[in-house]
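Student: I would like to go through this model point by point, with cut-offs stated. Please show it.

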Amino acid sequence: MFLGVSIIADRFMSSIEVITSQERQITIKKPNGEKITTTVRIWNETVSNLTLMALGSSAPEILLSVVEVCGHNFDAGELGPNTIVGSAAFNMFVIIGYCVSIIPKGETRKVKHLRVFFVTAAWSIFAYTWLYLILAVISPGIVEIWEALLTLFFFPLCVGLAYIADRRLLFYKYMYKRYRAGKQKRVIIETEGEPQLPSKVDIEMDGRMLNSNGEDFVDEAVGFDEKELDEEETRREMARILKELKQKHPEKEMEQLIELANYQVLTQQQKSRAFYRCQATRIMTGAGNVLKKHAADQAKRAVQHDFCSEVSENNFSSKIFFDPGTYQCLENCVSVALNVVRRGGDLTSTVSVDYRTEDGTANAGSDFQFTQGTVVFRPGETEKEIRIDIIDDDIFEEDEHFLVHLSNVKVVSKGVGSERHEANHAEALAGLGLPCTATVTIFDDDHAGIFTFEDPVVTVSESVGVMEVKVSRTSGARGVVAVPFKTTEGTAKGGGEDFEDTHGVLEFQNDEIIKTIQINIIDDEEYEKNKNFFLEMGEPQLLEMSERKGEEVLTKKEEEERRIAEMGRPMLGEHVKLEVIIEESYEFKNTVDKLIKKTNLALLIGTNSWREQFAEAITVNAGDDDDDEECGEEKLPSCFDYVMHFLTVFWKLLFALVPPTDYWNGWACFVVSISVIGLLTALIGDLASHFGCTIGLKDSVTAVVFVALGTSVPDTFASKVAAIQDQYADASIGNVTGSNAVNVFLGIGVAWSIAAIFHHTQGQKFKVDPGTLAFSVTLFTIFAFICVAVLMYRRRPEIGGELGGPRIPKILTTCLFFSLWLMYILFSSLEAYCHIKGF
């Protein structure tokens with residue numbers, strides 16, 4: 001039965017996670033008029049933890065108390081209240097003691113929101129003190145209506161005070177505050193400190209003017225500079241994780257590295273109590289590790305590539321175009337060949353296309369021969385060549401160009417695949433693609449040339465390895481020319497840090513118009529890297545024939561070439577200094593962006609269809625939650641996973657009928673789940689009473705020992721996961737104290753309010769035997785003071801935090817807390833059997 005409650009509580013907590021993860025967009029107008037749209041949570045974290053989260057965690061105990069009262073003719077029972085106190089003792093002593101001991105060696109965890117912890121811890125102790133007062137002091141043995149209703153009213157009061165502490169609303173209001181966005185999520189976080197904006201600077205959000213002091217604005221202001229710095233820090237952290245994983249696992253493929261990194265990122269992301277509870281329940285029942293499953297799925301999606309077709313979306317149409325669209329040739333090349341291709345459609349048909357040249361800066365008749373004609377693609381042919389004759393002269397000219405156009409595509413004969421198309425739609429069978437116009441540039445060869453880089457600035461990815469820089473020779477290509485070059489540092493450092501220093505001489509041969517310089521770029525995988533260095537050319541030198549051929553006698557042709565070349569000495573062009581900007585690897589940056597993209601954890605534990613729920617119900621997954629384990633390879637379920645799945649498969653299939661969390665934003669699942677929990681706790685109450693009767697135990701002893709233990713086991717695993725994975729102790733300690741307070745205010749407050757009102761309508765008093773319950777409450781309150789005092793002492797520098805720390809203090813704390821729980825069980829049992837005098 002306890003396994004069944006754990007399964008349905010998992011559904012219940014999933015719905016709570018979906019509900020509390022709801023977000024809304026707001027538009028913020030900065031002082032300079034710029035508008036920014038960001039996302040904020042609808043639910044405050046502290047409020048959600050003390051209301052829905054605590055309700056989900058304590059639902060079995062609360063509903064057991066309510067069902068017991070309603071099922072016993074509105075008379076007080078011992079099982080429900082004692083289960084609440086017993087569960088609080090288990091949570092406070094066993095769970096926290098266990099969490100202290102499981103922190104890895106050398107690590108500690110501290111409570112981050114200390115004010116909220118003080119409020120919830122104080123209310124937790126006050127709740128049980130109040131319970132003792134109404135049972136044994138104010139009206140011994142009788143619960144008045146005002147006492148019950150006041151107990152219930154303490155719940156919203158506790159939530160309100162915790163919210164005030166979290167938001168610093170009272171005296172904190174008069175302190176200067178700053179606002180920033182969280183690292184993983186764009187949820188707004190407020191921090192104390194000196195003001196960063198002038199006092200008269202206003203920010204407009206959703207039509208409201210908000211001053212920088214934050215008086216009119218609490219949850220939704222943003223410190224933009226801090227936000228940008230915070231996001232930059234997050235990106236660098238993700239980049240660091242990827243780099244470390246690549247160094248640690250050089251043999252792994254990128255898909256596996258992304259999976260490992262994604263899992264590591266998800267484990268570091270802040271999570272709610274509901275998520276930890278669901279994660280623990282699913283690991284315990286053989287449903288698998290939610291984070292590892294999600295990381296594997298995300299890694300598969302991250303390496304998928306989108307393939308785009310180079311032709312039209314119409315699969316039945318052939319496209320005719322130039323490939324490539326630009327051509328270069330020397331003036332003395334005689335002719336230039338242009339490539340025309342056919343792509344897509346029915347290749348068994350015969351297609352023709354017309355072409356003709358058009359003057360640009362080059363003129364037909366003096367620079368090239370005017371040409372026109374028709375190219376015919378026969379069945380199976382996909383490429384054709386067009387040749388244009390080039391006219392050479394000895395006159396120095398600038399580089400010139402002309403155009404070649406394709407037009408009038410015709411389907412000469414249809415192939416077998418085209419027979420189903422009508423004749424009047426023949427134009428759909430073939431057409432012009434892009435580019436349908438080719439540009440041919442003619443380089444003059446009567447001058448030594450002008451040497452230049454193609455662009456003044458070039459940007460390269462740090463992952464390129466070796467970058468190639470082209471040096472162009474324009475306005476002539478006659479003679480052999482030497483061009484010196486060298487790299488100089490900018491913000492990027494040479495010597496193998498960001499790039500390797502490079503220098504040398506390019507030697508352009510006669511009629512050679514392009515040379516390439518190779519520079520090694522160092523890939524250090526920085527996110528948003530933006531560094532630069534420079535590549536400079538020196539004065540080009542025309543090499544003498546005698547320098548290259550010694551004392552050889554030059555032929556008349558060679559002498560003429562030298563004479564003409566000397567008439568047009570080489571010179572530098574417009575771009576002689578190239579700025580090279582090194583940016584982060586696009587692939588690496590894209591991977592980091594995917595890893596830091598906001599992940600709504602509600603999507604991981606929520607469901608969107610009944611089909612998905614039934615598929616999960618019958619599937620066994622590996623439930624090992626060891627964070628040191630490599631998650632790059634999929635693990636098979638263990639024997640324990642199969643055993644737990646066999647024990648819980650009935651409950652999984654039964655509760656797969658609960659509405660998915662996507663319906664009504666989780667509220668449908670919420671209502672159905674809490675109703676089912678109520679039914680199961682009613683059965684547990686009867687079974688516990690029969691079990692205690694069978695073995696001779698009183699209901700009070702059965703409640704504090706067995707029922708409280710059974711209902712708290714999932715919380716134990718949840719706190720364990722939270723303590724190990726979370727960098728703070730709030731999720732494992734702070735929520736325990738809040739849950740204990742909610743147990744009394746709702747579990748006792750609702751049940752006793754109903755019973756007190758019912759008895760008042762009958763003209764009777766609602767009587768509650770203070771004996772065993774008052775003794776248990778008093779004992780728990782004393783021990784709780786000791787527990788909180790020890791936790792506060794552990795924050796001293798020599799230990800470092802509430803959880804973890806040096807080995808000896810850790811062992812001593814765990815033993816102390818376990819001893820407190822054992823003493824609580826022992827003394828409560830002895831008092832129940834009158835071996836110790838109670839109240």
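Student: How many helices and strands does the chain have?
Tutor: The model is predicted: local features need pLDDT of at least 70, side-chain atom pairs count only at pLDDT 80 or more, and totals for chains, interfaces and linings use all residues. Residues are numbered from 1 along each chain as its sequence is written, and side-chain values use heavy atoms, with hydrogens and water left out. Helices (H or I, at least four residues) and strands (E, at least two) are DSSP runs numbered from the N terminus. On that basis the chain has 20 helices and 27 strands.

Student: What percentage of the residues in the chain is buried?
Tutor: Buried means under 20% relative accessible area, exposed over 50%, and partly exposed in between, with a 1.4 Å probe and protein chains only. The chain has 839 residues, and the buried share of them is 50%.

Student: Of the contacts between residues at least 6 apart in sequence, what percentage joins residues at least 24 apart?
Tutor: Contact means heavy atoms within 4.5 Å. For contacts in the chain between residues at least 6 apart, the share joining residues at least 24 apart is 78%.

Student: How are helix 4 and helix 5 oriented to each other, roughly parallel or roughly antiparallel?
Tutor: Axes are lines fitted to C-alpha atoms, for helices over the stretch in contact, and angles run from 0 to 180 degrees between N-to-C directions. The axes of helix 4 (residues 114-136) and helix 5 (residues 145-167) come within 9 Å and cross at roughly 170°. Angles under 35 degrees count as roughly parallel, over 145 as roughly antiparallel, 65 to 115 as roughly perpendicular and the rest as oblique. Helix 4 and helix 5 are therefore roughly antiparallel.

Student: Which residues form one aromatic cluster with Phe-745?
Tutor: Rings of Phe, Tyr and Trp (its six-membered ring) pair if their centres lie within 6.5 Å; planes under 30 degrees apart count as stacked, over 60 as edge-to-face and the rest as tilted. A search of the whole structure finds 22 aromatic pairs. The residues that form one cluster with Phe-745 are Trp-123, Phe-126, Trp-130 and Phe-154.

Student: Which side chain makes a polar contact with the side chain of Lys-515?
Tutor: Lys-515 is in strand 22 (residues 514-520) and, at 23% relative accessibility, counts as partly exposed. A polar contact is a pair of N or O atoms within 3.5 Å; within protein, one must be able to donate a hydrogen and the other to accept it, and residues adjacent in sequence count only if both atoms are side-chain atoms. At 3.5 Å, the partner of Lys-515 is the side chain of Glu-512.

Student: What is omega for the cis peptide bond between Asp-323 and Pro-324?
Tutor: Most peptide bonds are trans. Pro-324 is in the loop between strand 8 (318-322) and strand 9 (326-330). For the cis bond joining Asp-323 and Pro-324, omega is about 5°.

Student: What is phi of Val-334?
Tutor: Most residues other than glycine have a negative phi. Val-334 is in the loop between strand 9 and strand 10 (335-343) and counts as exposed, at 58% relative accessibility. Its phi is positive, near 75°.
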